[in-house]
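Thanks for asking me to look this over. Here are my notes, point by point, to read alongside the structure.

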Amino acid sequence: MFIKGQPLQKRDTENILIIQLGDIGDVVWVTPTLWAVKEKYPDAKVSILVWEGFGTLLAEDPSLHKIFEVRRYKGSFFKKAIEQIRFIRGLRKEHFDLVFDLRAGDRGAIMAYITGAPVRVSMFYCEVPFWRNMLFTHVVDPPVPTKKTLGAAEQSLRIVRELGIDTENTVPKLWVSENVKEQVHKLLDGEGLFGINQRWITLNPFSRWQYKEWSHDKWVQVIDWIWDRHGFPAVIVGSHEEKNKAFELVKKCRGRVFNLAGQTTLSELAGVLALSFLHIGVDSAAPHIAAAVGTPTITIYGPSDWRDWAPPGDDHRVVTPDDDCAPCHQKGCDSTGWSRCLHNLETDKVQRAIQEMMDILTPR
């Protein structure tokens, strides 16, 4: 339903911008929407605007023309203002015909407006500043789904669907360039991984949000168990900020484990995950990327609802707590940033999920 504007009439649309200023997982899950727009306008140039650093994940997507990144400029106020104006001028020179903002934030709405595009589309949100809807020519209010749709692709698709744009392919996919594959091979070879076993697993024990994390001591038990039972080395992935935590975790392990936290760019992380036999982790960016590059995943969920975010398909498993309160959609128990449900989740439940996946992936 249109809250503002009318359904688009058939018109020449040559240049389209999609704004997705969400987290890394949101960028992964937006890919079906990119393809849907390209299917609807096969001759148009489709570009995307994301936060700085996230664009490398989409660099090889064949549906995209250009990738723009909102940067966090450094220096004096004057210098940052000059850089921001230069960026805005660059966007306006693209002469976009149609712009979609897929989030409720102010920044995306402002960016959509300053592009000068004659058609600017967003979803109707109740709890936003009154002026936000004024920045768009079209505001849509999609119908409430009658049944739960697994995965997060629907969050973006339901917006563009109101304009007659849709796709049957709702499973995210990322492409890894040959150059990145070569860099990753050098990195892993330098770590000595290939001399131990050609098959190995990746783990992301860390999350931007601590309430999503599982006990690090339990991760140590899992890493040692995988090495003892299956002979698979583990590769820990994570951000530069998580490097020290990974170092402390690795020190406690008996099994073979490598610490790549902080050693990869986002595109290189995708390359590492693409080579991994299996990825195991908590609800964070890595499982989304792993699934999108074709690697089976096992993801531990606590307060967040796995049905909203877990990768779909038989190659992907979730492990959830037994506590009746989960998922509670809260940021930890009593706003403490700590989740009792994940504290209560025992190691053997995660190990059973891994064993079930191993039985499928390595049949005798």
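**Notes on the model**

1. Let's begin with Asp305, which sits in the loop between β12 (297-300) and α11 (306-309). Helices (H or I, at least four residues) and strands (E, at least two) are DSSP runs, numbered from the N terminus. Asp305 counts as buried, at 4% relative accessibility. Here buried means under 20% relative accessible area, exposed over 50%, and partly exposed in between (1.4 Å probe, protein chains only).

2. Before going further, a word on what you are looking at. This is a predicted model, where local features need pLDDT of at least 70, side-chain atom pairs count only at pLDDT 80 or more, and totals for chains, interfaces and linings use all residues. Residues are numbered from 1 along each chain as its sequence is written, and side-chain values use heavy atoms, with hydrogens and water left out.

3. What does Asp305 meet? Its side chain and that of Arg307 are joined by a polar contact of 2.8 Å. A polar contact is a pair of N or O atoms within 3.5 Å; within protein, one must be able to donate a hydrogen and the other to accept it, and residues adjacent in sequence count only if both atoms are side-chain atoms. Leaving aside residues up to four places away in sequence, Asp305 also touches Lys148, Pro327 and His329, contact being heavy atoms within 4.5 Å.

4. On charges, the structure holds 19 salt bridges, each a side-chain nitrogen of Lys or Arg within 4 Å of a carboxyl oxygen of Asp or Glu. One of them joins Glu52 and Arg71 at 3.5 Å, N to O. Glu52 lies in the loop between β3 (45-51) and β4 (67-70) and Arg71 in the loop between β4 and α3 (77-93), so this pair ties together parts that are 19 residues apart in sequence. Glu52 is partly exposed at 32%, and Arg71 is partly exposed at 40%. Glu52, Glu69 and Arg71 are linked in a network of salt bridges.

5. Have a look at Glu94 and Lys66 too, whose closest N and O atoms are 2.8 Å apart in a salt bridge. The pair links distant parts of the chain, 28 residues apart: Glu94 is in the loop between α3 and β5 (98-101), and Lys66 is in the loop between β3 and β4. Glu94 is buried at 16%, whereas Lys66 is partly exposed at 34%.

6. Within helix α6 (residues 178-191), Lys186 and Glu182 are four residues apart, and so separated by about one helical turn. They form a salt bridge at 3.7 Å between the closest N and O atoms.

7. In what order do the seven strands of the open sheet run? The order is β1-β7-β6-β5-β2-β3-β4, with mixed pairing; strands pair if DSSP finds at least two bridges between them. The edge strands, β1 (2-4) and β4, each pair on one side only. Strands β5 and β6 (residues 119-123) run parallel, joined by three bridges, and Phe100 stands opposite Val121 in β6.

8. Phe100 returns in the largest nonpolar core, of 79 residues, where Leu49, Phe100 and Ile289 touch the most other members. Such a core is a set of buried Ala, Val, Leu, Ile, Met, Phe, Trp, Tyr and Cys residues joined through side-chain atoms within 4.5 Å. Apart from it lies another core, of 33 residues, including Trp219 and Met358.
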